Amino acid sequence: MARYALSAVAAVVALGLTLVGCGGKGFGTRDEGTSGTSTRTGTKVLWLGDSVAGAEAPALGAALKASGVEFKDSSSDGGGTIVNSGEEITQMISGATWKQLGKDIESFRPTVVAYQVTTYDWGSQDQQRAAYERVVDTAKDAGAKLVLVSSPPIKIDGFYKQHEAQMRTAPKAAAEVAGKSGGTAAFFDASQLWGTAASAQKAQRAPDGIHNCQQGAATFAKWFTEKLGKQESFTPASVDAWAQKSWTGDERYSKLRCAG
């Protein structure tokens, strides 16, 4: 797997990030720090989301670190949502997420809180908007900007089927809240990168139709870092400065079933 990871990401560099991605799974809070970066920008990114965000995090941390940005991954497997739909599962998950967010803000002091809409952001549009408005205010009170990011398209299996309609409204609610925030929050529309069909090659989904592996993570990291760089006025590092680094051997990727 490690040998495959290095060769795959090398191909990402050479081919301009056009490879098809593989599966992934997040593994909780990680702080990538800034040791080894050339120039610190003063930007500190706290990354939130579910295991989909977790599979993107190793590459995102490497790309931001190479660009002089501090990074903490606070994504969560099987959770990460800030939306309380009233169901027991989202009550439990959102409660844990809000509690962890408070701790991370106090210890890490981010200048940017980035929340990728999760596969658990269920509930009515009013419930979704309320959660996104709350995180806008939470970031603002912490002296940070908020970035809301739509999630990539995923395969709707039996687990997600009953929540499919709610999962479609979540990014719309997030975009609406960001648009009404007066510049406090921004919305990054990831469909510009992934498209809207999980089965399409552009989506770079794993065999499970949900996560990505190293190639997809690198693709996302490049896209997100460039957009954030424009917003926060820093110059993203070139892909070859970070794409073949140690993040490719992250333990989560050893659990992936990536195409050979």
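## Basis

Local features in this predicted model need pLDDT of at least 70, and side-chain atom pairs count only at pLDDT 80 or more, while totals for chains, interfaces and linings use all residues. Residues are numbered from 1 along each chain as its sequence is written, and side-chain values use heavy atoms, with hydrogens and water left out.

## Fold

The protein has seven helices and six strands; helices (H or I, at least four residues) and strands (E, at least two) are DSSP runs numbered from the N terminus. Their order from the N terminus is α-β-β-α-β-α-β-α-β-α-β-α-α.

Of the 260 residues, 54% are buried. Buried means under 20% relative accessible area, exposed over 50%, and partly exposed in between, with a 1.4 Å probe and protein chains only. Among contacts (heavy atoms within 4.5 Å) between residues at least 6 apart in sequence, 83% join residues at least 24 apart.

## Nonpolar cores

A nonpolar core is a set of buried Ala, Val, Leu, Ile, Met, Phe, Trp, Tyr and Cys residues joined through side-chain atoms within 4.5 Å. The largest one holds 34 residues, of which W47, V149, F220, F224, L228 and W242 touch the most other members. At least two residues of this core come from each of β2 (44-48), α2 (51-66), β4 (112-116), β5 (145-149), β6 (185-188), α6 (191-194) and α7 (214-232). A second, separate core has 25 residues, among them L48, I105, L148 and A185.

Leaving aside residues up to four places away in sequence, V149 touches W47, Y115, Q116, V117, F188, A190, F220, W223 and F224. F220 belongs to helix α7 and is buried, with a relative accessible area of 0%. The C-alpha atoms of F220 and L193 are 7.6 Å apart, although 27 residues separate the two along the chain.

The largest pocket contains about 460 Å³ of space. On a 1 Å grid over the protein atoms alone, a pocket is an open set of points where a 1.4 Å probe fits, with protein on both sides within 12 Å along at least five of seven lines; lining residues have an atom within 4 Å of a point. Grid points are joined across faces, edges and corners, and the volume is the space filled by probe spheres set on the points. There are 22 lining residues, and S151, P152, P153, M167 and P171 are the closest to the pocket centre. The lining divides into 10 nonpolar, seven polar and five charged residues. Here Ala, Val, Leu, Ile, Met, Phe, Trp, Tyr, Cys and Pro count as nonpolar, Asp, Glu, Lys and Arg as charged, and the others, Gly among them, as polar.

Helix α5 (residues 164-179) supplies six lining residues, the largest share. Its buried residues are M167, T169, A170, A173, A174, V177 and A178, and the buried residues of α5 pack against α4 (125-141), β5 and β6.

## Positive phi

Most residues other than glycine have a negative phi. R109 has a positive phi near 55°; R109 sits in the loop between α3 (88-108) and β4 and is exposed, with a relative accessible area of 59%.

Q204, also not a glycine, has a positive phi of about 50°. Q204 lies in the loop between α6 and α7 and is buried, with a relative accessible area of 5%.
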